[in-house]
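Hi,

Here is the structure I promised to pass on.

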Amino acid sequence: MTLLKVTGLNKRFGGVVAAKDVAFALEAGDMLAIIGPNGAGKSTTFNMVGGQLRPDSGQVLLAGQPISGLAPREVWRRGIGRTFQIAQTFVSMSVAENVQMALISWHDQIMSVGARAETRYRPEALDLLDLVGMRADADRPVRELAYGDVKRVELAIALASAPKLLLMDEPTAGMAPKERAQLMDITATIARQRKIGVLFTEHDMDAVFAHADRILVLVRGEIIADGKPDEVRSNARVKQVYLGDMGVAAAMRARRGRV
Amino acid sequence: MDLSFIIIQSLSGLASASSLFIIASGLTIVFGVTRIVNFAHGSLYMLGAYLAVTIVPLLLDVDRSLPMFLLGVLISALIVGVFGALMEIILLRRIYHVPELFQLLATFGVVLIVQDLVIKIWGAVEIPGPRAPSLRHGVFIMDQRFPAYELFLIAAGIVVLAVLWLLMQKTRFGVLIRAATQDREMVAALGVNQAWLFTGTLFLGAFLAGLGGALQIPRVAINTQMDISIITEVFVVTVIGGMGSVPGAFIAALIIGQLQAFGILIFPKITLVLVFLLMAVVLVVKPWGLFGKSDAAAGRAILPEGILSLKRFGTVDNIVAGLAIAVLLALPVFGDNYMVKVGIEVLVLALAAFSLHFLIGVGGIVSFGHAAYFGLGAYAAGLLVTKGGLSMEPSILLAPIIAGAFAALFGYFVVRLSGIYLAMLTLAFAQIVYAVCFQWVEFTGGDNGVVGVWPSSWASSRQVYFCVVLAFTLSAIIALRHAIYAPFGYALRAARDSATRADAIGIDVRRIRWFAFTLSGAAAGLAGGLYSFSKGSIDPTMISIPMSVDFLVMVLLGGIQTVIGPLVGAAAFHSIKDFFMPLTDFWRMFLGASIILMVLVFPRGISGAAASLTDRFKPAPKPAVAPS
Amino acid sequence: MTEALLSIRNLSAAYGMAEVLFGVSLDARRGEVVALMGRNGAGKTTTLKAIIGMVEASAEALSFAGEDIRRLPSYRIARLGLGYVPEERRIFTDLTVQENLEVGRRPARDGRKAWTLEKLYAIFPNLAEMEGRRASAMSGGEQQMLTIARTLMGNPDMVLLDEPSEGLAPVIVEQMAEAVIAMKATGIAVLLCEQNLHFAAAVSDRAYVIEKGAIRFSGTMAELEANDEVREAYLTV
């Protein structure tokens, strides 16, 4: 069964169309990138899948179950983990505690006033940290880490609920170039091994073309291309959008001649 | 109720709305530009009134005329304006970048200093002001007599509104104020020197407060409690109208003026409650007030002000804790009566401060009205014993339950808000409780409170009662501390660190904050209940703003970043207060100056200062800043 | 005049822990339009914010008109004659068009002729028609014009212009280009952040290409247009 199936999503903010009939599908184990210029509707689409925004119309199906309109908490319960453009971690906790927190929540022990939190699910947390290569830093405060490492911890947090789908909003933003490739490699490996679908937005084209199985190009709320990286790369319309509108350029050149 | 009566009532509502607007517009303009809620705005109002009762009679001696009266009012307001500008240059300029809690506290420090200054200069007795010449008569409106001065006040409000409108619309200064209210950073990028803009804004805001105060002299006798009573009303007006919005303040003042004028006919005792209820409802429907905008505090440090790491007790800590408990246990045996009394008070305050710190330090919920729950516990216990016929034991157990129930009720609204609006709402709820206890004389004894709140006979000796207090407070503190280390406390801290992340891993942020608020209120209630039996009485000071501030100072003094901090803070604060207060007539000034100094120099408190000494040799992590 | 008006050496910047710039160096001379090209998230906006003092940054050198501006607050930098037009426009929406311009007004330096409302309205005729209108009631293109006009009211020697063509209809983009050309004609230098190559090519003398917080290419605009490799690698997908 298709892991994620999105059909006819629409969203308007005031008079601005942020998403228009957005539709796509994602299979387990695949990585799907959404790219496009600023204001293209990437975040809107993303937030409608993650539950932060309610679509005006359309449907989001996760493994056949409708999830559109659910709160982010409920979306998470059904199997969607997510990372944020600016890494969101619990800055007053250690690396391991950050992951343990997610595990505690996953096992419904949030309201417990019993045994200390730091003793719960530690082995499981360490395993997850192992997966992202952060086990050695388990007991360091997360706020002391380099940003690239924080992003890895965030990935481990997102994996704690054994998600079927990962939503990653600009996973490499703010990272040094060499850290970027590492994070994307780790993500791709985990996704393939665990059959997790990954939906991500990204500005770093190296990351996109090295790792995405498919690419979706959004412009002004509409999908203008959807295909394999090579197909998207050779798509004339996509190239035009990224370099600016040719029509305008011609007019401009004519005017400049007169100035 | 005939039409003429309704009109008269409505006119007197307009007169008080007019005064409220003049004062509130100053507060809201200052907040809009500087993003500081100036607690001392009420003090500026009081200063305006005191200056006017001094200056106006002098001028009236020269010439008993209305222009002279107005000249005196204007001069008083101008002096207050200069005072406000100085306050900006000396204090506010240094605290624009500190967390809101510290800003509120620092400006409250100014409140304390001004109170003592006023008492020193003008004395503590009420001063009746001169009447305004030519406006001493009554005017007949539909056969009802209405004071001319009240009509003049309505006109004054309209004039101030018109002049403010002209200033805001037609002058460069006004345009800059409005622009800065919307986007300070962009105004700076266009080459505007903010320092002068801010000083000018404070001058304007203080002038309006002073004007509002000076205009009151023919209406009310000037007294030293004017500052606190006006500031809560003005807070309500600006919060309902939307912080930073002058039209909002105007509309809110009108609504509240009418609500008070007519509310007093229907519910004479609880007009204040009506006003606060209106505020609560508005905030739930429109969390930023009628005309307010969500605070785009982009670029602010997101490292929370609170507990940043939980260390388990090491050997040294265990020894120190053990010694502390041993000393406490030995106190009733070896200590004299005075020491035991101080011991009881320290324990009770430690629990109250600890429960507040649970909210602020762990939950990031900055409550400015924690005394409400302390006081509710005290009143619950005191009234159950004196009027309910219960004995001490069930009363002490019911105190936290009743306080917790109120905390659950108020908290339901509180946790929907954040930042300065949250602090204002907690303050407002505390003032409701205060007002009820103050005004419901038959039940609560009003200002005098209730005496005869004595422990059961077996616990009547100080030494035995000390042991009761020790048992309760110690177990409550240990239980709360345990909750901090348990998943519940972690989840609460997680919601504080990043609500976005907490939400994305299934934590119901609002629910957990609500539970924490209730739990904390119950713990404060227990402290209050224990306190009432140690004093043998209850009175409204236990619920007052200064009490809430005392708790905050304890938390900050001890250090907001450590678990044990508030206990140290409570002990230190109470000892200092107990030692110095009898020695000086200027306790408030001393306290106010200390608060300001603490905010400026040791924002991390005693424990924090010790921790930063040890941290000095470690590289400090850079505070994380969210990109705009 | 060969001496640089704006000179940047090894500029690095971060939002808290997230690093965005890694040693950016660039120069702009008086009266020159320089394009800073790159895709979303490449570091263009951060470079501008670091120059104007809105983001914490470190640099070996950062000077404007011969003054070291590394430690200066934004308003002092602006007063030296460096204007900033943000990408999000940051119009004061509660104010009218004319009031927005008033906030930006500063006297001209060195006895030059100051920008007046009349002159601005000549370049942006739409603004003249809506002088008294609240900025919140303007379209995106009109707001973009207003934000440029507002900065010009400060009589800058140089303007940092962040993606003026973004999200605008082609006909408005054309007007933007004309505005940039008009600014250049009055001797104002422009550092133009752009993704739209054709827009940048129409107005710029030189170009830098930024990617992942570092400069990858610098040359004349003609050189960039001729360099397929750089364009493919850093500007398109």
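This is a predicted model: local features need pLDDT of at least 70, side-chain atom pairs count only at pLDDT 80 or more; totals for chains, interfaces and linings use all residues.

Residues are numbered from 1 along each chain as its sequence is written, and chains are lettered from A and ligands numbered from 1 in the order in which they are written.

**Chain A with chain B**

Chain B puts 30 residues into this contact and chain A puts in 29 (two residues are in contact if their C-beta atoms, placed from the backbone, lie within 7 Å). On the chain B side, helix 18 (462-485), helix 19 (487-497) and helix 20 (499-504) each give at least two residues. Helices here are DSSP runs of H or I with at least four residues, strands are runs of E with at least two, and both are numbered from the N terminus. Helix 19 of chain B has the largest share of that side, with seven residues. Sorted by class, the side of chain B that touches chain A holds 20 nonpolar, five polar and five charged residues. For the classes, Ala, Val, Leu, Ile, Met, Phe, Trp, Tyr, Cys and Pro count as nonpolar, Asp, Glu, Lys and Arg as charged, and the others, Gly among them, as polar.

**Chain A with chain C**

In this contact there are 32 residues from chain A and 26 from chain C. Helix 5 (147-159), helix 8 (229-233), helix 9 (236-243) and helix 10 (246-258) of chain A each supply at least two residues of the chain A side. The largest share, eight residues, belongs to helix 10 of chain A. That side of chain A has 19 nonpolar, six polar and seven charged residues.

**The domains of chain B**

Chain B is assigned domain 1 (3-268) and domain 2 (339-558), with bounds that come from an automatic or database domain assignment. Their C-alpha centres are 33 Å apart. Domain 1 of chain B brings twelve residues to the contact and domain 2 of chain B brings 13. On the domain 1 side, helix 4 (100-122) and helix 9 (226-241) of chain B are the elements that give two or more residues. This side has ten nonpolar, one polar and one charged residues.

**Chain C on its own**

Chain C has ten helices and eleven strands. Its C-alpha trace spans about 45 × 40 × 40 Å along the principal axes. Of its 237 residues, 57% count as buried, meaning that 20 or more other C-beta atoms lie within 10 Å of the residue's own, all placed from the backbone.

Six strands of chain C make an open sheet with mixed pairing, in the order 7-8-9-3-10-11 (two strands pair if DSSP finds at least two bridges between them). Strand 7 (82-85) and strand 11 (214-220) of chain C are the edges, each pairing on one side only. Strand 10 (residues 206-211) of chain C runs antiparallel to strand 11 of chain C, and six bridges join them.

Cheers

Definitions and conventions: A residue is buried if 20 or more other C-beta atoms lie within 10 Å of its own, exposed if 12 or fewer, and partly exposed in between; C-beta atoms are placed from the backbone.
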